[in-house]
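Me: I am new to this one. Please show me how to read it, step by step.

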Amino acid sequence: MKNLSKLSTLILIAILSLTACTKKDDGTNKQDTAIDVTAKKVMDNMHTTMSQITQADAQSLDRNMKENFGFTFMYPITLTYNNDVTVTVNNSSELLDIVTGITETSYIKAINYPFNIDAQTASRSSSSINSETDLQTTIESHDSDGDGIPNYADDDDDNDTVSDQDEDVNNDGDVTNDDTDNDGVANVNDTDDDGDSVPTANETYDASGDVANTDSDNDGTPNYLDTDSDNDGVSDGQDNDANGDGNVDDNGGGNDDNGGNDNDNDGGN
Ligand SMILES: [Ca+2]
Ligand SMILES: [Ca+2]
Ligand SMILES: [Ca+2]
Ligand SMILES: [Ca+2]
């Protein structure tokens with residue numbers, strides 16, 4: 001009888017333990033969830049992106065989500081860690097905590113579908129992401145410069161020859177908060193960064209094609225961020241020799257006639 005009572009107690013303890021195991025102390029539930037490669041890609045990308053920013057906050061998270069993937073989340077969303085613990089995310093601050101906390105051994109492996117997005121791209125009319133395929137299509141089609149490489153994988157989102165990293169003029173690690181000409185379009189997506197009507201890609205005159213190393217008037221501001229590259233008082237857009245090298249520019253300013261050839265037959269080199 002004593003042994004039977006002991007056995008009953010042991011069985012009771014075992015049942016209680018099993019019940020406890022199915023529920024974490026923080027109230028999250030365990031579910032066996034398959035790995036969602038696309039959702040993991042999004043979260044890992046945001047981890048890398050936000051880790052590079054000096055003072056990451058909810059706003060910078062949203063801006064970078066929009067830049068890299070073309071949308072921000074409508075909360076709440078539900079994420080699943082690789083240990084199958086699920087977590088409900090209610091705002092961008094909570095998501096920031098999660099993505100910055102991602103490690104090689106603790107990462108997000110899935111997201112619950114459907115979830116809603118605040119779509120930023122004109123090409124997308126629906127605000128509901130219904131499956132991994134839907135999410136994949138959404139992020140792969142976010143391609144600002146239309147070069148076939150989606151923004152999240154593109155080193156030069158606007159194809160203006162300045163790398164995304166170099167568009168970070170204020171060097172805070174965040175490429176989305178630099179807007180030299182204050183036109184509301186961040187440099188990373190602005191093909192005329194200084195707004196002088198000369199495309200950034202044309203604001204060089206040496207053979208390197210590197211606009212970052214061209215500073216005609218040596219004032220410390222490269223031509224592509226300088227609305228008056230030769231400092232003669234005439235804006236580059238109105239200047240027929242924007243870099244002041246004596247060669248008349250081709251095709252409306254800034255596009256210098258390199259090498260002394262009169263490519264546009266304007267009478268100057
Ligand atoms: Ca692209
Ligand atoms: Ca660029
Ligand atoms: Ca701009
Ligand atoms: Ca320009």
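**Reading the fold and its helices**

Reply: Of the contacts in the protein chain with a separation of 6 or more, 46% join residues 24 or more positions apart. Two residues are in contact if their C-beta atoms, placed from the backbone, lie within 7 Å. This is a predicted model: local features need pLDDT of at least 70, side-chain atom pairs count only at pLDDT 80 or more, and totals for chains, interfaces and linings use all residues. Residues are numbered from 1 along each chain as its sequence is written, while chains are lettered from A and ligands numbered from 1 in the order in which they are written.

Me: What pattern does the protein chain follow along the sequence?

Reply: The pattern is α-α-α-β-β-β-α-β-β-β-α. Helices (H or I, at least four residues) and strands (E, at least two) are DSSP runs, numbered from the N terminus.

Me: How do I read one helix, and which residues of α2 are buried?

Reply: An α-helix has 3.6 residues a turn, so residues three or four places apart point the same way. In α2, the buried residues are Thr38, Ala39, Val42, Met43, Met46, Thr49 and Met50. Down the axis of α2 they fall within an arc of 135°, so they line one face. Buried means 20 or more other C-beta atoms within 10 Å of a residue's own; exposed means 12 or fewer; partly exposed is in between. Thr48 and Ser51 are exposed on the other side of α2.

Me: What do the buried residues of α2 pack against?

Reply: They pack against α3, α4, β4 (108-111) and α5 (132-140).

Terms used:
The arc is that of the directions from the helix axis to the C-beta atoms.
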